[in-house]
Amino acid sequence: MKKLYTLTLLVLAIGATTLPAQAADDKAVVDAMEGYFEFVDYGGATIFPEQIPQDEWKKMFVIDARDKGQFDKGHIPGAVNIEWRQVLAKRNEIPKDKAVLIYCNQGTLSAQAGLALRLAGYENVRILQGGMSEWKAKGGFDAASRATGAPSHSGH
């Protein structure tokens, strides 16, 4: 019984020594998020499909944040599949020197991934509002020309 008591105290002591470091890490995260929320304007990280002229699509790095199965069933042409949970782990694959657009089905998971990337210093990231379903519903690459009544360009 004494060994179990000693072992329990040892585990608790080791665990307690990591608490201040964990609290400091949490404070850094909270401070970063607080700074981000004070800086960003309402909707500042989101963009609607109709706000992207067709010619701009080929200039962007587009991330499909859904899982591989959904990506394989259909995605925005030219998109790279990086599942939303993996964006930070794979951030070295994401450029900082060009526009980055991230989407999922509806915009919820890509919003989380986009926030994480923006907190990691990617100020060039935009989240496609409404995701893949909104992109399809508004005309895909032709969404901007449909919204303005301008003639669309041929293909993408």
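## Strand β4 and its partners

Strand β2 (residues 61-64) runs parallel to β4, and 4 bridges join the two. This is a predicted model, so to speak a computed picture throughout. Within that pairing, Phe61 sits opposite Val100 of β4.

β4 also pairs with strand β5 (residues 125-128), again in the parallel sense, over 3 bridges. Here Leu101 is the residue facing Arg126 in β5. To get from β4 to β5, look at helix α4 (residues 108-119): β4, α4 and β5 make up a right-handed β-α-β unit.

## Which way the side chains go

## Glu83, out in the loop

Now for the loop between β3 (80-81) and β4, which is where Glu83 is found.

What does Glu83 touch, leaving aside residues up to four places away in sequence? The list is Asp64, Ala65, Arg66 and Asp67. Take Asp67: Glu83 and Asp67 are 16 residues apart in sequence, yet their C-alpha atoms are 5.3 Å apart in space. Glu83 also has a polar contact, side chain to side chain, with Arg85 at 2.7 Å.

Methods:
Residues are numbered from 1 along each chain as its sequence is written. This is a predicted model: local features need pLDDT of at least 70, side-chain atom pairs count only at pLDDT 80 or more; totals for chains, interfaces and linings use all residues. Side-chain values use heavy atoms; hydrogens and water are left out. Two strands pair if DSSP finds at least two bridges between them. A crossover is right-handed if, with the strands pointing away from the viewer, the path from the first strand over the helix to the second runs clockwise. Contact means heavy atoms within 4.5 Å. A polar contact is a pair of N or O atoms within 3.5 Å; within protein, one must be able to donate a hydrogen and the other to accept it, and residues adjacent in sequence count only if both atoms are side-chain atoms.
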